Amino acid sequence: NNSGPLFIIGTVGLTFFANSSIGILLLISHVLSAITVGIILGIVSRVKNNSFENKNSDYVQNFENNNASKVCTFLNLGEVLSEAIMDSAKTIIMIGGFVVIFSVIISILTSSKILTLLSNILLPILNIFKIDYHFANGFIAGIIELTNGVSIVSSVPNKAISVNVLLSAFLLGFGGLSVLLQVLAIISKSDLSIKQYLWGKILQGIIAVFYTYILLTAFPIFNLNL
């Protein structure tokens, strides 16, 4: 659901920005935004439904009843481990497949100039915030697939690199359509709502930008020429 420390500090910070401090900054804002969204959605759920706790207890009880036969014991240890390994391998292959497919989609959109056309739609919004139009391609690409988008955003020449960092913070919080479909593939057999997840990820991206801006202005170590 959320990007890990290895990806944010190693890939985004060191590889894309060539700066470990930026990776640490993005990791902090990413974790804080995820926790904040969790708290907000929890409060909203309780306000909307006073019987939230009872429903949650019923869900846990049903889950335990349905999975009682899967409890790991010495007798079925081999079976449980083999199932866990196979499930993990399938998940890894699925995630890798999504990344490859969406990377190909971005390449097709770029070659066919469709990405440029979509980016032009963002220009009026970028002009309002006085953001360089070169960020449009990276932002659109990041909405589609996270890694490619952040890579493009980080490589845009800009005097105030904080703009690159703030846009990257939003993309890391949102995750991209690739991650959205990965989550949908996992929860499709449950009664969890993908709509609530989508709104939660958009909210997380916005909150991540807010936390990143606060950290950039409050701590001199992260001063990147705002």
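## A first look

Isoleucine 144 lies in helix α6, where helices (H or I, at least four residues) and strands (E, at least two) are DSSP runs, numbered from the N terminus. This is a predicted model, in which local features need pLDDT of at least 70 and side-chain atom pairs count only at pLDDT 80 or more, while totals for chains, interfaces and linings use all residues. Residues are numbered from 1 along each chain as its sequence is written, and side-chain values use heavy atoms, with hydrogens and water left out.

**Around isoleucine 144**

- Isoleucine 144 is buried, with a relative accessible area of 11%; buried means under 20% relative accessible area, exposed over 50%, and partly exposed in between (1.4 Å probe, protein chains only).
- Leaving aside neighbours within four places in sequence, isoleucine 144 touches Phe102, Ile106, Leu109, Gly176, Leu177 and Ser178, where contact means heavy atoms within 4.5 Å.
- From C-alpha to C-alpha, isoleucine 144 and leucine 180 are 9.5 Å apart in space, and they are 36 residues apart in sequence.

**Helices α5 and α6**

- The axes of helix α5 (residues 114-128) and helix α6 (residues 135-144) come within 8 Å and cross at roughly 110°; axes are lines fitted to C-alpha atoms, for helices over the stretch in contact, and angles run from 0 to 180 degrees between N-to-C directions.
- That makes α5 roughly perpendicular to α6, since angles under 35 degrees count as roughly parallel, over 145 as roughly antiparallel, 65 to 115 as roughly perpendicular and the rest as oblique.
- On the α5 side, the contact is made by Leu115, Thr116, Leu118, Ser119, Leu122 and Leu126, and on the α6 side by Ala136, Asn137, Phe139, Ile140 and Ala141.

**Helices α2 and α8**

- Helix α2 (residues 20-48) packs with helix α8 (residues 162-174) at an angle of about 45°, with axes 10 Å apart.
- α2 and α8 are therefore oblique to each other.
- Ile22, Leu25, Leu26 and His30 of α2 meet Val165, Ser168, Ala169, Leu172 and Gly173 of α8 in this contact.

**The whole chain**

- There are 10 helices and zero strands in the chain.
- Of the 226 residues in the chain, 33% are buried.
- Among contacts in the chain with a separation of 6 or more, 66% come from residues 24 or more positions apart.
- The chain exposes about 13,800 Å², of which carbon and sulfur atoms supply 69%; accessible areas come from the Shrake-Rupley method with a 1.4 Å probe, and for residues only the protein chains shown count as cover.
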